[in-house]
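Open your viewer and get ready to click around. We'll go stop by stop, and at each one you'll hear what to select and what is there.

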Protein chains: 2
Amino acid sequence: MAGLKGETPPTGGVEATPAVELGEAPVLTTEEFEQARQIFFDRCAGCHGVLRNGATGPALTPDKTLPKGTLALASIIFNGTPRGMPDWGKQGVLTAEQAELMAKYIQNEPPAPPEMSMEQMRGFWKVLVAPEDRPTEPQHTRNWENFFAVTLRDAGQVAVIDGDTYEVVATVNTGYAVHISRMSATGRYVYTIGRDGKTALIDLWMDPPAVVAEVKTCYDARSVEVSKYNGPEGDFTDRYAIVGCYWPPHFVIVDGLTLEPLKVVSTRSYTYDTQEYHPEPRVASIVASHFSPKWVVNVKETGQIWLVDYTDVQNPAIKMLNAERFLHDGGWDASGRYFLVAANNANKIVVLDVQEEKVAAIVETEKIPHPGRGANWIDPVFGPVWSTSHLGEGALVAIGTDPVNHPEYAWKVVRTIPLPGAGSLFLKTHPNSDWIWVDHTLNPDEEIQRTVCVIAKANPVEPYKCWQVADYGRAVHFEYNMEGNQVWVSVWGRADDPGRTGEIVVYDDKTLEEIARIPNLVTPTGKFNVYNTVKDIY
Amino acid sequence: MAGLKGETPPTGGVEATPAVELGEAPVLTTEEFEQARQIFFDRCAGCHGVLRNGATGPALTPDKTLPKGTLALASIIFNGTPRGMPDWGKQGVLTAEQAELMAKYIQNEPPAPPEMSMEQMRGFWKVLVAPEDRPTEPQHTRNWENFFAVTLRDAGQVAVIDGDTYEVVATVNTGYAVHISRMSATGRYVYTIGRDGKTALIDLWMDPPAVVAEVKTCYDARSVEVSKYNGPEGDFTDRYAIVGCYWPPHFVIVDGLTLEPLKVVSTRSYTYDTQEYHPEPRVASIVASHFSPKWVVNVKETGQIWLVDYTDVQNPAIKMLNAERFLHDGGWDASGRYFLVAANNANKIVVLDVQEEKVAAIVETEKIPHPGRGANWIDPVFGPVWSTSHLGEGALVAIGTDPVNHPEYAWKVVRTIPLPGAGSLFLKTHPNSDWIWVDHTLNPDEEIQRTVCVIAKANPVEPYKCWQVADYGRAVHFEYNMEGNQVWVSVWGRADDPGRTGEIVVYDDKTLEEIARIPNLVTPTGKFNVYNTVKDIY
């Protein structure tokens, strides 16, 4: 694998590959280097990796970047590429000077990122309200199971919003750019994970709901999940949480009520296919089985799915399944037996059978599937399906998920439904709904960015209706209320654009009529309804 | 952990510890550096680690070595220390110039050792005689189950010696400094593992026995084991082998009949206690359970015992048990339910219960236990015990191993038997024997180096008899013949000392009389009787 560390001659008598003759990297001042490193972390590391070995984006090690040179690299950074590189300059995120700086930076060797020990994690750990000091029953009369935890991305906050009244009940400080929220198995607690690796625990029974504990177990993270199993092997509801890190590449099991870090397990290992050592296998999505005391941990770069038994957290048992590279996001089928996860840059969906603990199928989809957790519905022709939209293609696909009653459609793409454009991040439905909702958040066209579509389950061959949800920003992410009769859509504005920082639009799911706006939210993105998140309804 | 990589400032906003102000490291020429690197690999890496983070020996990173300076370091390297550093100069292994070179070398940053990919391993892999071309029955009339595989350490060879006639039946080229040999579950095949990471497969049915396959899966290795399980979950006899590597820190599952490398799993993870990332957790001993399709893989630096299920080698399930740091060598108790392994630098023996898949006990012993596989016998007072001698103390301890009938003695040191000196590497007994045999190979005293002792099981309070087995070299390692009525002892000479390169002395185990010498072997060390090794009789 190009650019991995450790290419000096071995001790055991094997010749190393001679280094390619390359020019000198542009010299940066210490200040420039620090600025570039921060920008790389914020904007680039997600796709290219902290060590720049590539993942969703290509490798950016000096052997790749030096031959291109500063001018060509700066142009790509500023203008983007048709293959998926964002146009950071045109979007106004980076100046021309910053694009040039980044072009110079990536011709230098990536700086070695730091490790994080248990001692450091414990240093970050704070219990703000001890479990024994927390209420024993809800301190308010609100319908907390219909609360929504809403990521206010650029504010580093989460808003807790009442799904009955649309009131913002609390706005709490969390990690930066919270990627997802997950609820404890009882629903009482919300766990948020920030891009900066900080986990916050919010107690919804307090009045107002408040952060009762926090910890930082990574420098860069994307996922958190809880223990959900309650059965013969024990009651693990609200017992543990697990944090999946991008850097360091590991996962950390923490106490469910205090976030005390308990156990760290590295994901550094070998790619599933070529069996090369990878120094940065990042933990993407994690889900908890409802039927066994296990987490499904998706390791992106090595392409392995790890089934982590949490009955004995200090001595975990891990089944390491070969799957496909670039595992990212995914969700359960309606039965909860199968977990469908995007191997995004491989244009595939991997189907994990958690009962048999094996990969049941790998399904080819369109370009760069990005399901979020996907959407389960009953197709009039093909029976139960799970569906995803795509970042690289204006298409929503449905995959048969019922090997018992519809074996001929199981793990096959049974429908490919055209959308107005590519760049979709999310789709969503609910068992009570007639519709599948889909966004186009990262489409380069401003109008399409703001457009959502609904597809009728009764006639799922094309969108039934598409419309712009606002005259600014981007429409992103859907969530149903507890009853499944209203849909919330985020309008993702800009934190520095007063009046247009963002809002949530609430629709009646039956009529598709707008029924409310929750205004003046700072860059709202993901929204997680307590009841639906606990029950994995999507 | 001092000296680990990755101490540059993090990307996520955490301040790094400022580097200690140190002098400049001595400059070496490229030739000197290469020579020093090879000497370090041959003589130093075993205890200090390739990355010099320390294990059995202390860390040797520049923050530790620069303050000491060249003169003091060279003196330690030449003269040794009372704490266990060998006197390489006095022993004649290194010249004064080489000691000074090494003193300079270790003040420089350790060079990054290379990774090894599956592609490289497959490049090293050779099948010399395909399984279908091998004999279907033994091609000679010798009693091959009483063959001994004898490591000829400095020759890079293994001698196959007939235990009935003492004839050298074959001398085959293997890896360098073969650390151990293991037999396939049927006994037909011998697997050797060299210090250089090379595994050779010897077919004992051929006439003469010959190497039929070889592979290299590491640059530095110590352990190999086979799959032994035959039961409801399948017949895995002679199906797989597993190679445990020191560098890269991983294990590799290979085909049992061809050595085709199949699966690589990294051991890089977190120390069991402080949960710090360790870049070099080396695989020490590996044993196969007779009762489940699992290997016990001892990971030295992280102090974890991994139970590796081999029923699905591409998707292995691994139970990761916290144990103790510096796991090294060990063996089964007589029942095969418990595996006792030395945490050598922690002066402890860890007792693994493979049936319950948990650590049953951790027993304090004397300084640096080095059991090899240990010795099981019935103590007249305490019942079944397993015993070990020590590198750092002239003492043999016996640990009770029978929690059912002798629960008061289980996992306790019930006897500490004094020996003439420290430096013991091995002890051995056999169920048919009245004795426990023990060596003192690494004792600094030349006479004690050559001395073996026997302890009477009937009166295990002190050695019954001690004697020198030769007038040169060191006495090392014991093995019984198949019947358990003869004991073989190696005399470990010097490859460059004609007539005194080494030999094996065979004793009648009943009378303790010498009955044969197998002369002119080049540095014989470990000897593995086919039958006893298959059955784990020790």
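Which hand does the disulfide of A:Cys453 and A:Cys466 have, and why? The torsion about its S-S bond is about 105°, so this disulfide is right-handed.

Before you go further, some ground rules. You're looking at a predicted model, where local features need pLDDT of at least 70, side-chain atom pairs count only at pLDDT 80 or more, and totals for chains, interfaces and linings use all residues. Residues are numbered from 1 along each chain as its sequence is written, chains are lettered from A and ligands numbered from 1 in the order in which they are written, and side-chain values use heavy atoms, with hydrogens and water left out.

**Stop 1**

Select A:Cys453 and A:Cys466 and show their side chains. Their sulfur atoms sit 2.1 Å apart, and a disulfide here is a pair of cysteine sulfur atoms within 2.5 Å. A:Cys453 is in strand S31 (residues 451–456) of chain A and A:Cys466 is in strand S32 (residues 463–468) of chain A, so the bond ties together parts 13 residues apart in sequence. (Strands, E, of at least two residues and helices, H or I, of at least four are DSSP runs, numbered from the N terminus.)

Is A:Cys453 buried or exposed? With 0% relative accessibility, A:Cys453 counts as buried, while A:Cys466, at 34%, counts as partly exposed. Buried means under 20% relative accessible area, exposed means over 50%, and partly exposed is in between (1.4 Å probe, protein chains only).

**Stop 2: over to chain B**

Now pick B:Cys453 and B:Cys466. They form a disulfide too, with sulfur atoms 2.1 Å apart, and with 105° about the S-S bond the link is right-handed. B:Cys453 belongs to strand S31 (residues 451–456) of chain B and B:Cys466 to strand S32 (residues 465–468) of chain B, 13 residues apart. B:Cys453 is buried at 0%; B:Cys466 is partly exposed at 34%.

**Stop 3**

Go back to chain A and select A:Cys218 and A:Cys245. A disulfide joins them, S to S 2.1 Å. The torsion about this S-S bond is about -55°, so the disulfide is left-handed. The pair links distant parts of the chain: A:Cys218 is in the loop between strand S8 (210–216) and strand S9 (220–226), A:Cys245 is in strand S12 (residues 240–247), and they are 27 residues apart. Both A:Cys218 and A:Cys245 are buried.

How many disulfides are there over all chains? The count comes to four. Number the bonded cysteines along chain A and you get the pattern 1-2, 3-4.

**Stop 4: cysteines without a partner**

Select A:Cys44, which is in no disulfide: the nearest cysteine sulfur, that of A:Cys47, is 9.1 Å away. A:Cys44 counts as buried at 13% relative accessibility. B:Cys44 is in no disulfide either, with the sulfur of B:Cys47 nearest at 9.1 Å, and B:Cys44 is buried at 14%.

**Stop 5: zoom out**

Show both chains. Chain A can be laid on chain B with an RMSD of 0.1 Å by a turn of 180° and a shift of 0.0 Å along the axis, superposing by least squares on the C-alpha atoms of residues with pLDDT of at least 70 in both. The two copies are thus related as by a two-fold rotation axis. To find that axis, select A:Ile318: in chain A its C-alpha is the nearest, 2.6 Å from the axis. The same surface serves both copies, as 100% of the contact residues of chain A recur in chain B, where contact means heavy atoms within 4.5 Å.
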